[in-house]
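Please keep the sequence and the model in view while reading.

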Amino acid sequence: MTGHGIEQKKGLSPAAVLALGTAIPFLILLLAYWRVGLFPFGERDILEIDSVHQYLPFLTELRRRLVNGESLYYSFSGGLGYNFWSTIAYYAASPINLFMVLIPEASVCDFMAWMMLLKLSLSGGILSWYLFRRNREGALYALALGTMYALSNFFLGYKFNVMWLDSIAVTPVILFGLERLVREKRPGIYIIALFYALWCNYYIGYMICLFLCLYLLCLLWGERACGEEKLLPCLLRFAASSLSAGGMTAVLLLPAYLSLKLTPSALYGQGPGVSFYT
């Protein structure tokens with residue numbers, strides 16, 4: 001029986017592939033946590049390096065300010081004070097962090113551990129969904145590749161940078177939206193998904209933007225999605241949609257940009273320039 005026949009018999013849908021693609025890495029990671037005694041199966045915690053020394057204190061203060069209705073624009077919790085709003089743009093802009101108001105302050109560390117696990121698992125599920133949408137006869141391959149994506153060396157090595165994970169997880173949705181933008185002139189999904197990635201973390205967001213430029217070239221060259229006479233309108237739609245997504249983040253990213261311009265490294269520092277190694 002062909003793979004297509006199996007999928008029809010079992011009634012697999014994109015939503016089912018998304019759920020399975022999320023559940024498989026989630027269970028694998030839970031099993032690994034149990035095997036080595038990590039939270040919630042032991043006293044050892046998954047948080048490490050900067051997630052303990054920087055992200056946890058900042059998210060704890062963010063939760064306190066949200067619960068108490070304090071200002072999100074400036075904080076005196078470090079040194080002589082710092083721009084709290086611009087720091088949110090890098091460390092804590094994910095809307096998921098708003099759920100911290102529902103938990104006690106002592107549980108912020110546990111919240112971060114669960115969010116790390118959930119975002120890693122969702123990364124696999126979303127990629128599985130994307131690959132299945134491209135090839136409805138390859139559900140098993142989509143699930144396998146999605147699981148490998150969620151458990152890849154990049155994710156496991158940089159998982160402590162929990163603020164990066166939202167943007168990386170949503171990248172397959174951005175690619176799906178870009179394909180619809182090019183082939184069907186429908187920019188909605190692309191704009192919303194790219195906006196979410198840029199909003200959650202501009203550092204990973206601009207890398208995603210660079211990747212999208214390369215992927216657009218692959219679409220135009222490899223699939224001839226736009227004829228020569230439609231190439232310019234296609235590029236203009238891409239540019240307009242990308243700028244729209246970026247413009248929607250201005251309320252968060254513009255203050256962050258202005259704040260970064262006032263740092264000593266920006267005012268007085270010199271960049272390393274280009275160097276070559278032989």
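Lys-185 has its place in the loop between α8 and α9, where helices (H or I, at least four residues) and strands (E, at least two) are DSSP runs numbered from the N terminus. Although Lys-185 is not a glycine, its phi is positive, at about 60°. This is a predicted model, in which local features need pLDDT of at least 70 and side-chain atom pairs count only at pLDDT 80 or more, while totals for chains, interfaces and linings use all residues. Residues are numbered from 1 along each chain as its sequence is written, and side-chain values use heavy atoms, with hydrogens and water left out.

Two packed helices are described by the angle between their axes and the distance between the axes. Axes are lines fitted to C-alpha atoms, for helices over the stretch in contact, and angles run from 0 to 180 degrees between N-to-C directions.

| Helix pair | Angle | Axis distance |
|---|---|---|
| α9 (188–200) and α11 (231–248) | about 40° | 8 Å |
| α5 and α6 (139–150) | about 150° | 7 Å |
| α2 (14–36) and α6 | roughly 40° | within 9 Å |

Angles under 35 degrees count as roughly parallel, over 145 as roughly antiparallel, 65 to 115 as roughly perpendicular and the rest as oblique. The helices α2 and α6 are therefore oblique to each other, and their crossing is right-handed, a crossing being left-handed if the near helix is turned anticlockwise from the far one by less than a right angle, and right-handed if clockwise. In this contact (heavy atoms within 4.5 Å), Val-17, Leu-20, Gly-21, Ile-24, Pro-25 and Ile-28 of α2 meet Ala-139, Leu-143, Thr-147 and Ala-150 of α6. Ala, Val, Leu, Ile, Met, Phe, Trp, Tyr, Cys and Pro count as nonpolar, Asp, Glu, Lys and Arg as charged, and the others, Gly among them, as polar. Sorted in this way, the contact of α2 with α6 has eight nonpolar, two polar and no charged residues.

The helices α5 and α6 are, by their angle, therefore roughly antiparallel to each other, and they too cross in a right-handed way. Their contact includes Leu-120, Ser-123 and Gly-124 of α5 and Ala-139, Ala-142 and Leu-143 of α6, and by class it has 10 nonpolar, four polar and no charged residues.

The pair α9 and α11 is therefore oblique, with a right-handed crossing. Among the residues that meet there are Tyr-190, Ile-191 and Leu-194 in α9, and Phe-238, Ser-241 and Ser-242 in α11.

On a 1 Å grid over the protein atoms alone, a cavity is a set of points where a 1.4 Å probe fits but cannot get out, and a pocket is an open set with protein on both sides within 12 Å along at least five of seven lines, lining residues having an atom within 4 Å of a point. The largest cavity holds about 80 Å³ of space, and of its 14 lining residues Tyr-91, Asn-97, Lys-119, Val-162 and Met-163 lie nearest its centre. Helix α5 gives the most to this lining of the largest cavity, with four residues.

The largest pocket has a volume of about 250 Å³, a volume being the space filled by probe spheres set on the points, which are joined across faces, edges and corners. Its lining has 10 nonpolar, one polar and no charged residues, including Leu-127, Tyr-149 and Thr-171.
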